[in-house]
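I opened this entry to record a few look-ups on one chain.

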Amino acid sequence: MQICGVILAGGKSSRMGKNKALLDINGKPVIEIIKSELSTCTDQVIIISNQPEEYQFLQVPIYSDRYPGEGPLAGIESALYHVDTEWFFITACDMPFIQANVFQYLYEQSSGYDAVVPIYEGQIHPLSSLYHRSVLPVIQQQLNKQPRQVKSFFDLICVNYVKDFNLPKTILDRHFFNMNRPEEYQQAKSISLQIDKS
């Protein structure tokens, strides 16, 4: 298994008002929690950020966008460009409760596909997906035109959209939880306390 875990930490966090990746949950920055979980199901973990100095404490490779200002699609491009491996688990830096077993389940559905993209409760999650390195040139072509949303190139590759997970709803709810606003950060801290008590 050749898999790289990728944390996209390039967002502006405008709705949160501060860097989401560095918010504290139960004594640890969110991005450190994500890194620890990704480390259990990948061969290596990297961070994509244009402020690498903020994440040196994690002691993992950090790469900047090669297409600055073009959003998460550029972050995925940078990961696939810099790391020579087969598969990439992509996650955003505002998903503090990602679950390794969800990524492992998605990986089990990857044979014959270029990407595995979950759809949970009717919502597509391109930033909690698997991408094969072979999609790099397609992403680069997309970045040179419009639109540049992550899912904008899905029609050009072979995607397995996974809707059934064979996993408990509690695990899935946690995995796909993301926090964009202060009230969602407060909710994340409450979830963390519930997890600790369970």
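I began with Glu-184 and Arg-181, whose side chains form a salt bridge at 3.9 Å from N to O. Arg-181 is partly exposed, because its relative accessibility is 33%. The model is a predicted one, and I counted five salt bridges in it.

Next I looked up Asp-94 and Lys-20, a salt bridge with its closest N and O atoms 3.0 Å apart. Asp-94 sits in the loop between strand S6 and helix H3, and Lys-20 in the loop between strand S1 and strand S2, so this pair ties together parts 74 residues apart in sequence. I noted both Asp-94 and Lys-20 as buried.

I then checked Lys-169 and Glu-121, which meet in a salt bridge at 3.4 Å, N to O. Lys-169 belongs to helix H5 and Glu-121 to the loop between strand S7 and strand S8, 48 residues apart. Lys-169 is partly exposed at 48% relative accessibility, whereas Glu-121 is exposed at 59%. Shared partners join Glu-121, Lys-169 and Asp-173 into one network of salt bridges.

For the cysteines, I found zero disulfides. Cys-93 has the sulfur of Cys-4 as its nearest cysteine sulfur, 16 Å away. Cys-93 is buried, because its relative accessible area of 8% is under 20%. Cys-158 is partly exposed at 36%.

Last, I took helices H2 and H4, whose axes come within 10 Å and cross at roughly 145°. I logged the crossing as left-handed. Residues in contact include Leu-73 and Tyr-81 from H2, and Ile-139 and Leu-143 from H4. The contact residues comprise eight nonpolar, two polar and one charged.

Key
Residues are numbered from 1 along each chain as its sequence is written. This is a predicted model: local features need pLDDT of at least 70, side-chain atom pairs count only at pLDDT 80 or more; totals for chains, interfaces and linings use all residues. Side-chain values use heavy atoms; hydrogens and water are left out. Axes are lines fitted to C-alpha atoms, for helices over the stretch in contact, and angles run from 0 to 180 degrees between N-to-C directions. Helices (H or I, at least four residues) and strands (E, at least two) are DSSP runs, numbered from the N terminus. A crossing is left-handed if the near helix is turned anticlockwise from the far one by less than a right angle, and right-handed if clockwise. Contact means heavy atoms within 4.5 Å. Ala, Val, Leu, Ile, Met, Phe, Trp, Tyr, Cys and Pro count as nonpolar, Asp, Glu, Lys and Arg as charged, and the others, Gly among them, as polar. A disulfide is a pair of cysteine sulfur atoms within 2.5 Å. Buried means under 20% relative accessible area, exposed over 50%, partly exposed in between (1.4 Å probe, protein chains only). A salt bridge is a side-chain nitrogen of Lys or Arg within 4 Å of a carboxyl oxygen of Asp or Glu.
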